[in-house]
Amino acid sequence: MTTPALLPLSAAGYPPWRTLRLSEKFILLLILSAFITLCFGAFFFLPDNSKHKRFDLGLEGRAHPSHRHTQGGEHRHREEEESLRDKIRADHERALQEAKEKLRKSREELQAEIQTEKNKVMEDLKKKDPGPKPLPPVPMPKVVGVSDGEPPEPDVKEKRDKIREMMKHAWDSYRQYGWGHNELKPLAKKGHSTNIFGNSQLGASIVDALDTLYIMGLHEEFKDGQEWIEQNLDFGVNAEVSVFEVNIRFIGGLLAAYYLSGQEVFKLKAVQLAEKLLPAFNTPTGIPWAMVNLKSGVGRNWGWASAGSSILAEFGTLHMEFVHLTYLTGNPAYYQKVMHIRKLLAKMDRPNGLYPNYLNPRTGRWGQHHTSVGGLGDSFYEYLLKAWLMSDKTDSEARKTYDDAIEAIERHLIRKSNGGLTFIGEWKNGHLERKMGHLACFAGGMFALGADGSPDDKAGHYLQLGAEIAHTCHESYDRTVLKLGPEAFKFDSGLEAVAVRQNEKYYILRPEVIETYWYMWRFTHDPKYRQWGWEAAQAIDKYCRVSGGFSGVKDVYSSNPTYDDVQQSFFLAETLKYLYLLFSSDDLMPLESWVFNTEAHPLPVLHLGNITLPGSEPAQR
């Protein structure tokens with residue numbers, strides 16, 4: 001009795017089945033079955049891209065059943081099957097060989113291969129998605145006075161060089177201990193952040209310091225900052241940030257870096273961030289939320305603000321940056337958002353002509369009737385004046401709004417102490433609190449900056465008022481042990497320009513007093529302003545400098561102060577920049593061509609002439 005063939009294969013090349021016993025045939029069948037199963041497993045499951053090619057090649061001739069019934073079809077079918085098995089066998093051997101080779105490689109080599117594959121995928125994605133559209137070309141505003149400014153006097157140059165060295169120490173310390181973090185803890189020598197930046201490392205100190213580095217001629221440091229921004233600054237993070245702080249520090253800083261250096265990356269990053277802030281304006285009134293999540297676009301207000309209100313100094317300090325965004329992008333949304341805020345405020349009743357610090361974005365009503373030129377209110381008034389200056393003095397609406405506001409402030413908030421010191425108090429529910437904050441000391445510079453163009457020939461009056469505020473703020477420094485000013489100081493109970501509460505005795509490297517010294521120097525060239533600025537610089541270097549940078553101090557009336565262990569980003573953006581400019585010649589950053597935002601980031605005056613911003617009406621002189 002003959003044994004039927006066990007497999008539908010040609011016997012050519014194989015030993016005669018008749019010579020094998022049944023048990024041997026059975027074992028051979030098991031082995032062969034296992035081998036075929038392994039081959040087909042490799043065919044379907046091994047991660048080898050060539051399997052798709054094998055499948056196409058092996059089954060190409062079997063696409064239509066009719067092929068099997070043509071003459072000689074059976075023979076071709078066997079050849080195709082044999083060819084297919086040969087391919088599977090060869091590919092299986094190759095896959096096993098590749099696996100063995102990978103097992104022989106070190107962990108580092110494998111990680112390098114994986115990274116190479118990731119990079120290839122990212123490159124492919126970039127080719128498919130070219131990213132944001134290029135911005136339309138616009139005329140670059142005339143950029144003048146962005147370098148040099150060396151003073152002719154050797155002693156002044158020596159002071160300027162010292163300020164530059166302080167900047168170098170602050171930057172190098174941050175570069176070494178806090179790189180990529182928002183700020184620096186100079187004693188702990190590690191990164192630091194606050195809730196205004198959310199929970200992400202956005203490199204606030206890098207962005208804030210860029211224009212200071214450029215103006216000081218620290219171009220290698222500037223290049224390091226630029227490279228970090230190009231490679232690491234990502235606004236697609238799940239972080240809830242302060243709209244105000246991110247606007248003045250990041251958008252202002254990036255725009256200033258763009259105008260100074262001409263590097264497109266800064267403009268592109270500024271626009272990417274600005275688009276992330278726009279959802280904050282999605283409120284019933286168009287008054288933006290104080291905070292917005294950069295990823296989700298969800299906004300909300302600070303829990304401590306009066307009746308869920310937005311803050312005057314926050315939603316009123318967007319105009320400069322947003323006008324430049326519309327100018328650079330051609331997108332009218334930015335300009336329209338800030339003009340809507342202005343028009344809404346113009347329609348509202350103001351108690352005693354004063355702007356309260358709180359406004360509810362849902363109802364459009366004022367919150368607590370608290371008015372100040374210091375915290376919560378300060379930069380709103382500053383931006384009214386600077387909107388006029390930045391428009392080449394064509395935005396007459398902004399100028400009139402500023403003049404009216406300052407008239408009310410002078411009538412209700414500005415007083416002279418028994419000792420003859422002029423100060424700016426705070427209005428709370430019909431009562432004047434005789435206390436002035438360090439933040440309000442910027443107003444001396446603002447009054448001087450706005451003197452030219454004042455109504456009723458009051459230019460001399462406002463320049464004098466600026467000088468009086470500068471004197472008062474200098475006294476607040478001079479009456480401390482460290483010769484550094486407290487956070488707030490009172491004018492009652494026989495005390496003048498002195499802090500009373502312990503929680504108002506700290507100095508956190510703030511710039512406002514030095515800012516006023518600089519403006520007063522530019523407009524008067526009175527040498528006392530350089531002298532006062534040098535006193536402040538020496539005190540900062542003596543009492544705030546540590547091996548890891550610069551730190552604020554908790555009590556300016558103590559001869560042995562404790563540190564707060566924070567090097568604020570605004571110390572690099574503002575304090576050191578204003579000191580450097582104070583000891584530079586006037587042709588460095590001339591005020592006819594540049595307007596500084598409230599974080600000391602210079603933006604060029606827009607000499608628009610007959611050009612009209614998208615979404616605006618022609619300017620009226």
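## The largest pocket

The largest pocket in this predicted model has a volume of about 1,200 Å³. A pocket here is an open set of points on a 1 Å grid over the protein atoms alone, where a 1.4 Å probe fits and protein lies on both sides within 12 Å along at least five of seven lines. The volume is the space filled by probe spheres set on the points, which are joined across faces, edges and corners.

Which residues lie nearest the centre of this pocket? They are G375, L376, L439, E487 and R510, out of 43 lining residues; a lining residue has an atom within 4 Å of a point. By class, the lining holds 16 nonpolar, 11 polar and 16 charged residues. Asp, Glu, Lys and Arg count as charged, Ala, Val, Leu, Ile, Met, Phe, Trp, Tyr, Cys and Pro as nonpolar, and the others, Gly among them, as polar. Helix α8 gives the most to the lining, with 4 residues. Helices are DSSP runs (H or I, at least four residues), as are strands (E, at least two), numbered from the N terminus.

## Residues listed in the record

For "active site", an unreviewed UniProt entry lists E245, D378, E487 and E512. Such annotations may be inferred rather than shown by experiment. The pocket lining takes in E245, D378, E487 and E512.

E245 is found in α8 and counts as buried because its relative accessibility is 15%, with buried meaning under 20% relative accessible area (1.4 Å probe, protein chains only). Leaving aside neighbours within four places in sequence, E245 is in contact (heavy atoms within 4.5 Å) with I196 and F250.

E487 sits in the loop between α16 and β14. E487 is also buried, at 13%. Beyond four places in sequence, E487 touches G437, H438, E504, Y506, I508 and R510.

## The nonpolar core

In soluble globular proteins, nonpolar side chains tend to be buried together. The largest nonpolar core here has 167 residues. Such a core is a set of buried Ala, Val, Leu, Ile, Met, Phe, Trp, Tyr and Cys residues joined through side-chain atoms within 4.5 Å. I163, F250, M436, F447, I540 and F596 have the most contacts inside this core, and α8 supplies its largest share, 12 residues.

## Reading notes

Residues are numbered from 1 along each chain as its sequence is written. Local features need pLDDT of at least 70 and side-chain atom pairs count only at pLDDT 80 or more, while totals for chains, interfaces and linings use all residues, and side-chain values use heavy atoms, leaving out hydrogens and water.

Definitions and conventions:
Buried means under 20% relative accessible area, exposed over 50%, partly exposed in between (1.4 Å probe, protein chains only).
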